Amino acid sequence: MIELVVLVYILLCAVVLWFFYRQNRREWLLRWVCVSAFPVIGWLFPLFWPDSLLRRGSKTNEELFAEKGKAEFELMDIYTETQANRDRGVLAIEEALVVNEHAERRKVMLEVLKQDAMAYIDVLQKAVSNEDTETSHYAVSMVMEVKRKLTLSMQELSVQYEANRRDPDLLRAYANVIRDYIRSGFLDERTLQQYKFTYLAVLKDLIEAAPDTDFAFEEKTKTELELKRYTEAEQTATAYLQRCPDREEAYLLLIQVYYEMKSHKKLLETLDLLKQSPIRLSHRALTTVRFWSEGA
């Protein structure tokens with residue numbers, strides 16, 4: 001009878017542990033041996049063994065995958081990276097928060113603390129609800145710090161903007177802060193709309209003060225589309241194309257405007273202008289040309 005109870009206990013332990021640790025067979029086996037050899041007290045052993053005990057020997061696919069994401073994260077320089085590298089960095093952090101152990105998640109969050117947290121605001125907001133309370137605490141702290149800095153910068157630059165609306169450097173700085181604030185997720189819908197209109201006003205002043213600022217045309221057009229101000233978006237995108245006829249982005253932006261406006265004729269006219277231009281098209285532009293040409 002005792003032997004039967006012990007056998008049932010061992011099998012039950014194996015099933016329970018397999019449910020929680022089936023992705024790491026080495027850890028499952030170690031825990032099973034402990035709880036089988038030392039009933040009840042064996043369940044407490046994992047609280048005291050070092051993390052390195054589970055990292056010896058061959059590594060699982062999940063561990064290799066997490067290490068790859070961590071390596072990419074450590075090599076990032078967010079002050080000089082391209083947008084593609086930034087996207088990879090964000091993905092690596094998201095993966096680490098999902099598949100890594102709690103200790104590794106905390107290390108990732110501490111690394112983010114040393115970087116530009118605003119670049120990872122979306123990931124941080126997801127990490128706020130992480131099941132590891134310490135990781136969640138780090139995320140909440142960083143989100144609050146980002147919000148504090150953004151709010152302070154908004155207040156300071158707003159005062160300077162009211163006093164001087166012709167300084168290109170000031171306008172660029174203010175526009176960047178407003179853009180980050182809009183994308184931060186801190187604002188309710190009504191406040192978000194208000195800031196978008198403020199953003200448009202600042203971008204308009206920036207275009208007048210520094211007409212060679214491409215991103216001002218692009219951001220102004222996209223924001224006008226978000227607000228469904230199609231006439232203004234068309235005017236801004238057209239002005240951008242007239243000023244920069246050698247930039248494919250200007251053509252693509254105007255094509256996007258006409259798509260949103262459902263103006264098929266004007267879209268095809270702009271597409272023809274792009275085809276006739278001497279610009280060496282990127283893969284993105286070529287894909288756009290082929291797509292609309294096939295549907296013409």
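Predicted model: local features only at pLDDT ≥ 70, side-chain atom pairs only at ≥ 80, totals over all residues.
**Entry 1**

Residues are numbered from 1 along each chain as its sequence is written, and side-chain values use heavy atoms, with hydrogens and water left out.

I then found a salt bridge between the side chains of R284 and E249, at 2.8 Å from N to O. The term requires a side-chain nitrogen of Lys or Arg within 4 Å of a carboxyl oxygen of Asp or Glu. E249 lies in helix α12 (residues 248–261) and R284 in helix α14 (residues 283–295), so the pair links distant parts of the chain, 35 residues apart. Helices are DSSP runs of H or I with at least four residues, numbered from the N terminus. I recorded E249 as buried, at 14% relative accessibility.

**Entry 2: The network at E208**

Which residues are linked with E208 in a network of salt bridges? I found R166 and K204 in this network. E208 meets K204 at 2.8 Å, N to O, and R166 at 3.9 Å, N to O. E208 lies in helix α9 (residues 189–209) and R166 in the loop between α7 (133–163) and α8 (168–183), so this pair ties together parts that are 42 residues apart in sequence. E208 and K204, by contrast, are 4 residues apart in α9, about one helical turn. I noted E208 as partly exposed at 43% relative accessibility, and K204 as partly exposed at 43%. By the salt-bridge rule, I recorded a count of 13.

**Entry 3: Helices α10 and α11**

I next examined α10 (residues 214–226) and α11 (residues 230–243), whose axes come within 8 Å and cross at roughly 160°. The axes are lines fitted to C-alpha atoms over the stretch in contact, and angles run from 0 to 180 degrees between N-to-C directions. The two helices are therefore roughly antiparallel, a term for angles over 145 degrees.

Which residues of α10 meet α11? Among them I listed F217 and L225 in α10, and among their counterparts in α11 Y230 and Y240; contact means heavy atoms within 4.5 Å.

Conventions: Buried < 20%, exposed > 50% of the residue type's maximum accessible area, 1.4 Å probe, protein only. Parallel < 35°, antiparallel > 145°, perpendicular 65-115°, else oblique.
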